[in-house]
Structures are given as C-alpha cells and as structure tokens.
Amino acid sequence: MKLEQLNQQTEQQKALSVVNAKNKLLTIAIPTYNRAELLDQQLAWLIQDINGFEEECEIFVSDNCSTDNTQEVIQKWQKSSRGITFRTNINLENLGVMPNIIHCLKSAQTKFIWVIGDDDHIQNQTISYIISKLKKYDNLSLIFLNFSGRNKFTNEPVHPPKIVGNRWFDVDSEDSHIDGKAIFEYCFSKSVGAVIFLTASIYRTDLVQSALQSWENAANNWISLAYLAGYCAANGRVVVTKNTYIECIVGMSYWQKEPKSALLMQYKHISDVLLKLEKNGYSKQFCRWMILKNFQEVNLRVFFGAFRRWPIFTIKTIVPFLTLVILSIFDVGLFSNSKLHHRAIGLEQKKGLIY
C-alpha cells in the first residue's frame, strides 16, 4: 500500500475517533521508528493489559517514517484489537526522537496521556493500577511509575547511588496530600534520570499541552520532559508509586545515539529546564541550587572529549553555563560539597517524603 493511501487512512481514523477519544480517560501512545519487532512485542503486551479497560483507554502509535515493516505490525494489531480505539500517525519524514514524542503528547484528546517506549518492559496489570489512580483523585496532575534499572551490557542492577534498592524513586506519595511541587523538587534533586524516563510519567493532558505551548522549543532539549513533569506537578496532586512497574534498560537511551547529547544535557539542557521552571513558579533558591548541584556532578571527560571533537561548539556551550554557575553562587551562597549535602538533607526533612 502506498504511503499516500496510508496517510489518507490515518486522517480518516483521526476524524472517526475524535468523539470516542474525548470520552475516554487515558491515551497510551507509542512513538516508534524502525523497531518493528520491539513494537510488535509492546503492542502484544498492551492489547492484553488493556483488556477490560477498553472504554477508558485508547492506543496511539506515531511512526516516525519507518522503512522496515512497522506498518505491517501496526495494521496486524489494529485488525486484532476489536473494541479498542487504535489511532495511528505516519510522519512524512523522520522528525527526530523528541519531536515525535511531543507529537504524541499534542495528539492526545483524553484526560490523561501516557507515552511509552517501544522497548520498555512493563509489568502486567499496570494499566489496571493506573486507571484506579486516575479515577480516585479529581485533582491528579502527574503519576510517576517507579521503575528498576538494568545495565544493557553487564545485566547488573542500576539505580541512583543515594537510593536504596533497585528503584529510581524513593518517595511514597500514593495516598498522601503533600504538595505536588515539593514532591517534584525532591524527585528531581535525587535523580534527573528518573524524571526524564519517558515511560515513567503519566501527565494530565491539558497541563502537559499547556506546558508545551509555553515552551515552543522543548523538542530541542533532551531534558524537557523534566520541565513537563514539573509544570504538571505544580498544578495538582502527584502520585509516585512505591512498587516498580517498569524495567529500564540502561545504556540504550534514545539520546545516547546523538553525538553531542551528553555535552548538551550536562552543560546546557538541565540549566535551561531549571530556568524555565523558575519562570513557572519554582523558587529561585531551588533552581539555582540545582544548577550548582549539576555543576558539581558534571563529567569532565564529557567536556574534554567534546572539546577535542568540536572545540568552538563546546566553548559556546560551556561559557553561558559557567556564567550561570557564577551567578548562582551569588544568588544562593552554596558552593561547597558540605553545604550542598546539607541543602539536600533539608529538602528531605522538610517534605518528609522518603520511605
């Protein structure tokens, strides 16, 4: 079947599903590109786990102009998923990873949106848990699904060094009334990787779409998912699960395929996200403290490796970062390791979040 015909079918599907989607609770979206085998496995899990919740959920797959048999896989599962609203999108060209993820977020018409990776291992009965939480709280704005980590090459467990056990969140807020902003600050300060893991976050659709409207260039920032989560957290209740529902394979993230991504993430993107959060209601003290914390944790090998390959680009990237670090020192008055450590402890004690 020609691409033009597929696009026509996709547009017809969009028009036919608008009414149904608006009456549903959750969109489960999968951005994908040239990973037909993994997509097939993920859709097999999804169709099974969504059983019994067809009235509450819809599926949306955004194909980033794949050249393998991705469309055959999608069509196979569309035909066999009777009773489930199953929408698709085919990009006419490869937009890139982040633009395709953001397209999924913008395309949602349900109250909540959950974008999942086509390669992430998700436990059975996860959708049942999610639906129960979405129905329980009227003011829910964000769910963080706890997850475990495993190294792709060594098969060893991986988790943030300051968190005990193979989990990436050590917060128990499933039934608490703690301020959503406070929960996000704690999670973000413990692990940037946790709050930007795609499959771990379920957003309230109107909030995440409003966040995207406030940052038109979010697709150009590898850490922008942290901003989206922070924006949602500041506007409602946040649930962080105690149990783990996903396994993250560390060492195969989408951003790792981009040659300059490590430099940009450490020396630009995290700071850009923090400045955006500050503009949207997060305290200057917290945001500047996080900038200093990031400065102390950056990997100098990333800098020197990038400087050897792209000296001018690297200098242009790091100079604004160092300028911001200096300004943050004066703003916050925190620089030594001991003071950063005490600030982190104070954050934990103040919020009473840890198990």
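This is a predicted model: local features need pLDDT of at least 70, side-chain atom pairs count only at pLDDT 80 or more; totals for chains, interfaces and linings use all residues.
Two strands count as paired here if DSSP finds at least two bridges between them.

Strand β4 (residues 112–115) and strand β7 (residues 201–204) are joined by 3 bridges and pair in the antiparallel sense. Within this pair, Trp 114 stands opposite Ile 202 of β7. Now step back to see where the two strands sit: they belong to an open sheet of 8 strands with mixed pairing, and its order reads β3-β2-β1-β4-β7-β6-β8-β5. At the edges you will find β3 (85–90) and β5 (121–122), each of which pairs on one side only.

Next, look at the helices that meet the sheet. Helix α5 (residues 126–136) lies across β1 (26–32), β2 (57–63), β4, β5, β6 (140–151), β7 and β8 (237–250), and runs at about 155° to β6. Helix α9 (residues 224–233) also packs on the sheet, where it touches β6, β7 and β8, and its direction makes about 145° with that of β6.

The axes of α10 (residues 261–279) and α11 (residues 284–297) are 9 Å apart, at an angle of about 175°. Angles over 145 degrees count as roughly antiparallel, so α10 and α11 are roughly antiparallel to each other. Which residues in α10 meet α11? They are Gln 266, Ile 270, Ser 271, Leu 274, Leu 275, Leu 277 and Glu 278, and their partners in α11 are Lys 284, Cys 287, Arg 288, Met 290, Ile 291 and Asn 294. Sorted by class, this contact of α10 with α11 has 7 nonpolar, 3 polar and 3 charged residues.

Conventions: Residues are numbered from 1 along each chain as its sequence is written. Side-chain values use heavy atoms; hydrogens and water are left out. Axes are lines fitted to C-alpha atoms, for helices over the stretch in contact, and angles run from 0 to 180 degrees between N-to-C directions. Helices (H or I, at least four residues) and strands (E, at least two) are DSSP runs, numbered from the N terminus. Angles under 35 degrees count as roughly parallel, over 145 as roughly antiparallel, 65 to 115 as roughly perpendicular and the rest as oblique. Contact means heavy atoms within 4.5 Å. Ala, Val, Leu, Ile, Met, Phe, Trp, Tyr, Cys and Pro count as nonpolar, Asp, Glu, Lys and Arg as charged, and the others, Gly among them, as polar.
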